[in-house]
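User: I'm new to this structure and would like to learn how to read it. Could you walk me through a few features, one at a time?

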Amino acid sequence: MISDEEIKEKVRRLMYDNVRARVSPYLKAHYCYVMPSPGKYPFQWWWDTCFHIFILCSLDEMELARQNLRSLFTMQKKNGFVGHMIFWESMLPKDKLNILEGPPVWYQIRPHMSSLIQPPLIAQALWRIYKKTGDIDFLREILPKIKKYYSWLTANRDFDGDGLISLISNYESGIDHKPSFDEVLGFKSKKADNKYFRKVIWVDLRNFLRWFNLKKIYKDNVFIVKEVLFNTMYVQDSRALAKLCAEVNDIDAGKYEQNAERAAHRIIEIMYDEESAAFYDVHGPQNKKLKALTFTIALPILMKEVSKEIAMEILKRHFLNKQEFDLEYPIPSVARSEPSFHPFESKFLWRGPTWAVINWFLYHSFIANGFEREAMRLVQSLKDLIEKSGFREYYNPCTGEGYGAEAFTWSGLVVDMMRTDNDK
């Protein structure tokens, strides 16, 4: 059996093997980031960068963690926006469909960002760096950038004014082909196919043809979703941002805490379904629940506003249920009982396989509610998957077979789960 120290050293080598650091001749700026996978995912992604910071901090690789965070904000726009993908080098994206993730303008042939967003873990990442280093200068350098980003986010994506953030594309969730989106896309068959893919691309094409004009996109109401993971992280990140502000006596600390409380109560109000004991994504002006059993049904138990009774009911009914999420190598992205469940390799991601980041998210949710035994099982499962199949993009939850990209960094989150102090 592979030891914890062996895992840490393997993860450390993986992170450094995936570093890309150069000076952009177009931007006249230095960048340094960890690629999720050199072959398949060579660019810098928003939430991947945050995951990498958690991993690097757990390995005490603090300078590389700081460089990753700096690079993420190098192209930040004057209005505060930062896209979910940063194309530092290529004249065109590797996947030509990425062209649809920004408006049809000339700058797409130069280093640029996408026009989409991803779940906000950025303040939590900065908090981790600060707690590890006490580097007040770095905090003062980055905090204004994060605050500026949050100003853009709340001004432009709280369409309904209820404190929650709406998505305009399934790719903004980070959970690309999440089955709960099928209803919004008008896809009736539960097994994803090319018909499904065309519906997904049609959403991005509409956004592209509207030059990502958010007012027009919201009015069209083709894909306006308040997603559970995104908004749970919005709550947790707002709380981290409040703590960061307090460290430098910034008067906005109270504002961000109030934003977190408001969003948390709204999540409970419109996303929780008592009958099925699950939190669901919601769609459109009426906040219609999208009832698919994906791993995100439990994520809000991380919030302090969710009662222990609700957390226990979700755990017992779904995550200790062998017909749903209690499989050999937990936790699958979709419950076994769902018609969309497909545990094998596919271009339609997040419709059955186990991803390391799922275990990482739910590990922290379980720990926050005192479910230590269940949390430690997630750690052991991830260790077993790494030993069996290496650092892969995702895994078969029944056999442990590795699929997708190789030398994929997300499995390195196991080192954060192995920490004993669990300070946030």
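User: Let's start with helix α12: how many residues does it have, and how far does it reach from its first C-alpha to its last?

Analyst: Helices here are DSSP runs of H or I with at least four residues, strands are E runs of at least two, and both are numbered from the N terminus. The expected span of a helix is 1.5 Å times one less than its number of residues. Helix α12 covers residues 356-368, which makes 13 residues, and it reaches 19 Å, close to the 18 Å expected. Before we go on: this is a predicted model, where local features need pLDDT of at least 70, side-chain atom pairs count only at pLDDT 80 or more, and totals for chains, interfaces and linings use all residues. Residues are numbered from 1 along each chain as its sequence is written, and side-chain values use heavy atoms, with hydrogens and water left out.

User: Why is α12 described as largely enclosed?

Analyst: Buried means under 20% relative accessible area, exposed means over 50%, and partly exposed is in between (1.4 Å probe, protein chains only). In α12, 11 of the 13 residues are buried, so the rest of the structure largely encloses the helix. Among them are W360, F361 and Y363.

User: What do those buried residues of α12 pack against?

Analyst: Contact means heavy atoms within 4.5 Å. The buried residues of α12 pack against α2 (46-58), α9 (228-247), α11 (308-319), α13 (372-389) and α14 (414-417). After α12 comes G370, with a positive phi near 80°.

User: Now helix α13. Which residues does S389 touch?

Analyst: S389 lies in α13. If you skip its neighbours within four places in sequence, S389 is in contact with Y395, G400, E401 and G402. For polar contacts, look for N or O atoms within 3.5 Å; within protein, one must be able to donate a hydrogen and the other to accept it, and residues adjacent in sequence count only if both atoms are side-chain atoms. A polar atom of the S389 side chain lies 2.6 Å from the backbone oxygen of G400 and 3.2 Å from the backbone nitrogen of G402.

User: Where is G390?

Analyst: G390 is in the loop between α13 and β11 (392-395). Not counting residues up to four places away in sequence, G390 touches L385 and Y395.

User: How do β11 and β12 run relative to each other, parallel or antiparallel?

Analyst: Strands of a sheet pair through backbone hydrogen bonds, in either a parallel or an antiparallel way. Two strands pair if DSSP finds at least two bridges between them. Here β11 and β12 run antiparallel, joined by 3 bridges, and R392 has E406 in β12 as its bridge partner. Their hairpin has 6 residues between the strands, and G400 takes a positive phi near 85° there. Strand β12 (residues 402-406) has 4 of its 5 residues buried, so it is largely enclosed by the rest of the structure.

User: In what order do the strands of the open sheet come?

Analyst: The order is β6-β9-β10, 3 strands with antiparallel pairing. At the edges stand β6 (225-226) and β10 (288-290), each with a single partner strand, so one side of each has no neighbour in the sheet. Between β6 and β9 (residues 281-283) there are 2 bridges, and V225 has H283 as its bridge partner in β9.

User: Last one: how many disulfides does a search of the whole structure find?

Analyst: A disulfide is a pair of cysteine sulfur atoms within 2.5 Å, and the search finds 0. For C32, the nearest cysteine sulfur is that of C57, 14 Å away. The sulfur of C57 is 11 Å from the closest one, in C50, too far for a bond. Both C32, at 4% relative accessibility, and C57, at 1%, count as buried.
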